[in-house]
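Here's a quick briefing to read with the model open in your viewer. Take it topic by topic and follow along.

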Amino acid sequence: MLTTQNETTSKLDLAWVRQQFPALSQTVNGQPAVFLDGPGGTQVSQRVIDAISNYLKQSNANTHGAFATSERTDASLEEARRAMADFFHCHSNEVVFGPNMTTLTYAVSRAIGRALSAGDEILLTRLDHEANVGPWKTLEEKGVKIQFADIHESDCTLNIEDLASKINERTKLVAVGYASNAVGTINPVKEIVHLAHEHGALAYVDAVHYAPHGPIDVAALGCDFLVCSTYKFFGPHMGVLYGGDEYLERFRPYKLRVNADEIPHCWEWGTLNHECIAGITACVEYLEDLGRQVVPEASNRRSALLNAFSAIQQHERELLEKLVDGIKAIPGSRIYGITDPKRFDQRCPTIAVRIDGHSPRELSERLGQKGFFTWDGNYYAIGLTERLDVEKDGGFLRIGLAHYNTMEEVERFLSALREIAL
Ligand SMILES: Cc1ncc(COP(=O)(O)O)c(C=O)c1O
């Protein structure tokens with residue numbers, strides 16, 4: 001049985017969580033470092049660091065050799081595939097490893113592009129990261145028409161009516177983000193997948209920003225592809241793709257003739273980053289352990305992961321309410337995105353803000369000197385910063401909470417921001 005968000009048993013043991021992440025004990029100018037840069041990349045647990053270095057010490061080899069280290073490498077890759085299959089809720093032959101989300105998306109767009117013709121359409125959104133835009137736009141070279149679904153400017157949510165009106169019988173693919181890496185909006189992905197399928201289009205989901213904040217269930221979403229990056233959810237710098245086996249079989253990736261023909265291997269090129277893949281298993285195991293800390297009796301890894309995310313969501317929600325309240329109280333501040341706490345289940349704890357009289361870069365620099373790590377700019381969500389007309393003024397200051405942040409950090413951050421803004 002899964003716990004609901006209201007059960008007290010799903011509370012995070014924050015002291016345990018923070019002990020797992022050695023980077024969190026850093027200081028800057030004598031101040032404790034506060035990592036609010038998670039949307040650009042999260043910190044990793046000690047076990048991820050150990051798994052990477054142990055692989056290099058004990059198993060370092062290429063694949064499919066007739067000797068011990070190579071056999072250990074093969075086993076380690078398959079173990080990571082099983083871990084990610086539990087993470088996505090799919091079969092392990094539907095898990096493809098790659099260097100990052102962008103590279104994997106280019107690979108999929110090239111393969112799907114081989115089956116498209118002039119006049120076919122692809123629907124993208126103004127809310128998306130450029131990595132879920134550029135790879136599809138390259139298909140304009142083939143005469144494919146690219147459409148964009150607009151947003152509601154008031155709360156930076158997708159305009160679903162506009163999106164629905166742009167899907168037609170020529171639409172071959174809808175590519176959408178699970179959550180915005182700039183303003184935090186969580187999109188109604190299941191509904192969008194349904195709309196795409198109703199018209200016979202494929203659904204490609206960029207779950208990079210959502211992955212550290214909530215459970216992914218490709219079976220429940222019904223999507224055809226979903227991609228994420230492990231460095232955004234406490235793992236090493238890698239990308240992982242889910243592709244439904246039917247689609248991994250149907251589309252033809254460009255590949256070497258010596259490359260395996262069977263899925264998922266035919267979608268993986270050259271020698272993979274074996275040490276980081278060993279780190280991916282450890283990253284999923286960290287989340288599994290976190291889930292078992294909150295509900296010890298979870299029957300399998302998938303349920304433990306769901307329990308972990310239930311606890312993560314509860315904790316992040318408390319921090320988010322405090323953060324949004326505190327920022328709203330700063331004169332001249334404006335948060336872009338959902339600010340009504342009753343709707344916080346429609347957003348991740350990632351806040352985009354502008355404060356009158358201060359550029360996002362200046363705010364981020366001054367916060368950085370005090371040990372608060374935030375991002376400024378467009379973070380490649382350039383379709384959105386252009387649409388909101390903030391691109392020319394430095395984009396936003398982005399504050400990204402992760403489950404390892406504490407209420408005390410949020411309070412200290414708010415006083416630092418108040419001091420800088422006044
Ligand atoms: C929402 C989103 N999609 C895609 C990407 C690109 O990921 P990668 O760096 O793994 O290519 C990012 C990176 O910031 C992102 O935030």
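F234 sits in the loop that links strand 11 (225-229) to strand 12 (239-243). Keep in mind that this is a predicted model. F234 isn't a glycine, yet its phi is positive, near 75 degrees. F234 is also buried, with a relative accessible area of 1%.

**Other loop residues to look at**

- D389 is another non-glycine residue with a positive phi, in this case about 60 degrees. You'll find D389 in the loop between helix 13 (382-387) and strand 17.
- Is D389 buried or partly exposed? D389 counts as partly exposed, because its relative accessibility is 46% and the buried class is kept for values under 20%.
- There's a cis peptide bond between I263 and P264, with omega about 0 degrees. P264 belongs to the loop between helix 9 (245-250) and helix 10 (274-294).
- N159 is in the loop running from strand 8 (157-158) to helix 6 (160-165). N159 is buried at 17% relative accessible area, and its side chain reaches the backbone nitrogen of D162 at 3.0 Å.
- N187 is in the loop between strand 9 (171-177) and helix 7 (189-198). N187 is buried too, with a relative accessible area of 4%.
- Which backbone atom does the side chain of N187 reach? The backbone oxygen of G177, at 2.7 Å.

**The ligand and its shell**

- The residues surrounding the ligand are N100, M101, T102, H129, A131, N181, D206, V208, H209, S229, Y231 and K232.
- By class, that shell splits into four nonpolar, six polar and two charged residues.
- K232 puts a side-chain N or O atom 2.6 Å from an oxygen atom of the ligand.
- M101 uses its backbone instead: one of its backbone N or O atoms lies 2.8 Å from an oxygen atom of the ligand.
- H129 has a side-chain N or O atom 3.4 Å from an oxygen atom of the ligand.
- How much of the ligand does the protein bury? Taken alone, the ligand exposes 390 Å², and the protein buries 89% of that.

- Seven strands make up an open sheet with mixed pairing, in the order 4-12-11-10-9-5-6.
- At the edges are strand 4 (95-98) and strand 6 (145-149), each of which pairs on one side only.
- From one strand to the next, the twist averages 20 degrees.
- Strand 5 (residues 121-125) runs parallel to strand 6, and five bridges join the two. To see one of these bridges, pick T125, whose partner in strand 6 is A149.

- Four strands form an open, antiparallel sheet in the order 13-14-17-16.
- Strand 13 and strand 16 (375-377) are the edges here; each has a single partner strand, so one side of each is left without a neighbour in the sheet.
- The twist in this sheet averages 30 degrees from one strand to the next.
- Strand 13 (residues 333-336) and strand 14 run antiparallel and are joined by four bridges. Strand 14 also pairs with strand 17 (residues 396-400), again in the antiparallel sense and over four bridges.

- Why is strand 14 (residues 350-355) described as largely enclosed by the rest of the structure? Because six of its six residues are buried.
- In a regular strand, side chains alternate between the two faces of the sheet.
- In strand 14, T350, A352 and R354 point one way, while I351, V353 and I355 point the other way. All of these residues are buried, R354 included.

Methods:
Residues are numbered from 1 along each chain as its sequence is written. This is a predicted model: local features need pLDDT of at least 70, side-chain atom pairs count only at pLDDT 80 or more; totals for chains, interfaces and linings use all residues. Side-chain values use heavy atoms; hydrogens and water are left out. A residue is near a molecule or strand if one of its heavy atoms lies within 4 Å of it. A polar contact is a pair of N or O atoms within 3.5 Å; within protein, one must be able to donate a hydrogen and the other to accept it, and residues adjacent in sequence count only if both atoms are side-chain atoms. Accessible areas come from the Shrake-Rupley method with a 1.4 Å probe; for residues, only the protein chains shown count as cover. Ala, Val, Leu, Ile, Met, Phe, Trp, Tyr, Cys and Pro count as nonpolar, Asp, Glu, Lys and Arg as charged, and the others, Gly among them, as polar. Buried means under 20% relative accessible area, exposed over 50%, partly exposed in between (1.4 Å probe, protein chains only). Two strands pair if DSSP finds at least two bridges between them. Axes are lines fitted to C-alpha atoms, for helices over the stretch in contact, and angles run from 0 to 180 degrees between N-to-C directions.
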